[in-house]
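Subject: Structure handover

Hi,

Here is the structure I promised to pass on to you. Could you have a look at it before you read my notes below?

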Amino acid sequence: VYPTDTSYGIACDPRIDTAVDRLIEIKRRDPDLGLPLLFSDYSQCESYHAFGDLERILAKLFWPGALTLVVDARPDIPSSVTGKRASIAVRVPDHLIPRGIAAQIQGPIVGTSANRHGGPSPFSVSIAREQLGDEVDLYIDAGASDASKNSTIIGVESGTPANIKVYREGEL
């Protein structure tokens, strides 16, 4: 469990199926929902998705930050990450810890909130610990988050002109 610029997250390396399975089990999350990914920077994220013009502009304007983009998933991204969707949610948070972990492992980390599925968002490590208990290997406590909402989630729908679809209003 690690801090972000919004709520605390629970991480694993999404390239390791057994780690993803364990995370889904700890959260009690439906595996068909897929998992959001956090990256160290825009260029690392670009290796997972070919950004369109509007997506690139939004990422350049709001990353690092509390904006999650729903984008088309590459065919080689495992179904444990995409669930039953053809898309993935990606973000570069404005917090050194998740970005540093992603940089060190040279790939994204899972960026889902550190709570039981449907439970209250953990804006402090104590709320995460209350929900997840001893099932988590490590808690990184950086104090209470300055945020009061999770990230804003949007997607860019193709068309002329392209449209922005808001999936969740959040901190941004």
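A network of salt bridges links Arg28, Arg116 and Glu135. By salt bridge I mean a side-chain nitrogen of Lys or Arg within 4 Å of a carboxyl oxygen of Asp or Glu. Before I go on, please note that this is a predicted model, in which local features need pLDDT of at least 70 and side-chain atom pairs count only at pLDDT 80 or more, while totals for chains, interfaces and linings use all residues. Residues are numbered from 1 along each chain as its sequence is written, and side-chain values use heavy atoms, with hydrogens and water left out.

Helices (H or I, at least four residues) and strands (E, at least two) are DSSP runs, numbered from the N terminus. Glutamate 135 is partly exposed, at 26% relative accessibility. The classes here are buried (under 20% relative accessible area), exposed (over 50%) and partly exposed (in between), with a 1.4 Å probe and protein chains only.

How many salt bridges does the structure hold? The count is eight. One of them joins aspartate 137 to arginine 22, with 2.8 Å between the closest N and O atoms. This pair links distant parts of the chain, 115 residues apart: arginine 22 belongs to helix 1 (residues 17-27), and aspartate 137 to the loop between helix 6 (125-132) and strand 7 (152-157). Aspartate 137 is exposed, with a relative accessible area of 67%, whereas arginine 22 is partly exposed at 38%. Another salt bridge brings together the side chains of arginine 99 and aspartate 94, at 3.8 Å from N to O. Aspartate 94 has a relative accessible area of 46% and is partly exposed.

Now to the cysteines. With a disulfide taken as a pair of cysteine sulfur atoms within 2.5 Å, the count comes to zero. Cysteine 12 is buried at 13% relative accessibility, and cysteine 45 is buried at 0%.

Best wishes
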